[in-house]
Amino acid sequence: MKHVPIVIGGKRSTGDGHRKVISPATGDAVATMALATAGDLDRAVHAARAAAEELAAMTIRQRAAKVAKVADLIERDTEAMARDLSSEQGKPLAEARGEVSVAAEMWRDAAEIARHLTDQILPSDDPERAILTVRRPHGVLGVITPWNFPATIPTEYLCAGLAAGNAIVWKPSELTPVTALWFLEFVEEAGFPAGSVNLVPGMGHDIGAGIAGHKGIDAIGFTGSPATGNAITAAAGPKPLLLELGGNNATVVLADADVTEAARRLAGATFANAGQICSSTERIIVERGIYDDLAEALAAEARKLRLGPSLDEHTTIGPLNNEATAAKVDEHIADATSRGATVLAGGARASGHPTDLYYQPSILKGLDPTMTAFRAETFGPVAMLMPFDDLDEAANLVNDHGLGLVAGVLSTDTARAVDLGRRLQAGIVNIGDVATSWQPHSPFGGYSGRASGVGRIGGRYSIEELSQLQTFTLPARMLP
């Protein structure tokens, strides 16, 4: 059984306490995790401060070469890393392999993007003075990451943060810390200075809160719930923040869409990772003319999925990761059915499995704005459908809640779909595609004024967010 230690300045310690890491698929312990203390966090920040000076002194091409080496190492160990990820997170092994492979691509992309970052000379109104902008690291970056994508979500912060020259203090989710240990070891093997990434495993209410408010941490990256994001914002004060806080995403299906194809794509958008994706399609807003047909077609797709253990190669949907998530799915379905929704597929936990975290892929018809699932993220294998009669109504339904992460419009009438898309208050609007779709090099984040986050993750946008611009003015004669 693996043990995830505290790692500070390249040195490992077991800490004063530990907790077990339990597989949601089997209920068995797959690892143990050390529990860092406030003192450990202070030491990690100190080690990161020393490493940050070394990283800032390196050229960006030197840092990029090490970032690219991490990508090589991930590709070398994809299978073993994917098996650990699948065991502790619960997603099917095929999805875990895909996640690890995407993480490798993201590290490689970050290296390539970093190599092409340039300082800029701006026009000056004074012929005797020149203006130069340069990009600097923040210094020490605090990173707090969730359990649903333990490879790709940390990668968004780690690869960009290191490429930009920051040292990192990282608290991974206590539910999926084994995947974090892989990254720590890759960073060490790639030749980054000791303390470039410091691992402080623990619980959110102590180590996560400690990172948010620590005076020695210069900037924070966090992915998780809006409630926790708000707490981090309050504790962080003026620190730069990169926050991705989830969504309750809608895909609108117009009447001209191919019902069979739409159902197939919506099933993937809803049930990948058992619906535990911040960009997952949860609300399906359907033009009334095809509403009943699409509901039946989607229910049929849900019934095709094979629910089973994560390491079984035949499994197409695994268990939920934890009881709190499963209980929330129970609550949302119970609320919807009590208010008149009809269950077309699933609708309950599945029996006959090693744990109580296996949930039937579920389709409900009859969503309305009074239901909890309309207003809050369910984060499970559930899609709820509701009809609309015109584009104004569709736009209002998509926008009528506090989140604004991703939206999709399925239609063969591109002009009509774009007309609707312009009205949707989401950070990403996919025309001719489901809400869930995203390419990692493109900017990902919430719509301004809504509770889906601050800043943009993805490609060069991550590096820009995790660094700062500094402007120099100097005598023009100093330039060629």
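How many nonpolar, polar and charged residues does the lining of the second largest cavity have, by class? Keep that in mind as you look around this predicted model; the tour comes back to it at the end.

**Stop 1: the whole structure.** Begin with everything shown. A search of the whole structure turns up 3 cavities of 30 Å³ or more. We will visit two of them.

**Stop 2: the largest cavity.** The space inside comes to about 100 Å³.

Now colour the helices. At least two lining residues come from each of helix H4 (93-115), helix H5 (152-163) and helix H15 (459-465). The biggest contribution is from H4, which gives 4 residues. Colour by residue class next, and the lining of this largest cavity splits into 6 nonpolar, 4 polar and 2 charged residues.

**Stop 3: the second largest cavity.** Move on by selecting Val-398, His-401, Leu-403, Gly-404 and Val-406, which lie nearest the centre of the second largest cavity among its 15 lining residues. Its volume is about 70 Å³.

For the surrounding elements, show strand E13 (249-253), helix H13 (391-399) and strand E18 (406-410): each of them supplies at least two residues of the lining of this second largest cavity.

Finally, back to the opening question. Colour the lining of the second largest cavity by class, and you will find 7 nonpolar, 6 polar and 2 charged residues.

Definitions and conventions
Residues are numbered from 1 along each chain as its sequence is written. This is a predicted model: local features need pLDDT of at least 70, side-chain atom pairs count only at pLDDT 80 or more; totals for chains, interfaces and linings use all residues. Side-chain values use heavy atoms; hydrogens and water are left out. On a 1 Å grid over the protein atoms alone, a cavity is a set of points where a 1.4 Å probe fits but cannot get out, and a pocket is an open set with protein on both sides within 12 Å along at least five of seven lines; lining residues have an atom within 4 Å of a point. Grid points are joined across faces, edges and corners, and a volume is the space filled by probe spheres set on the points. Ala, Val, Leu, Ile, Met, Phe, Trp, Tyr, Cys and Pro count as nonpolar, Asp, Glu, Lys and Arg as charged, and the others, Gly among them, as polar.
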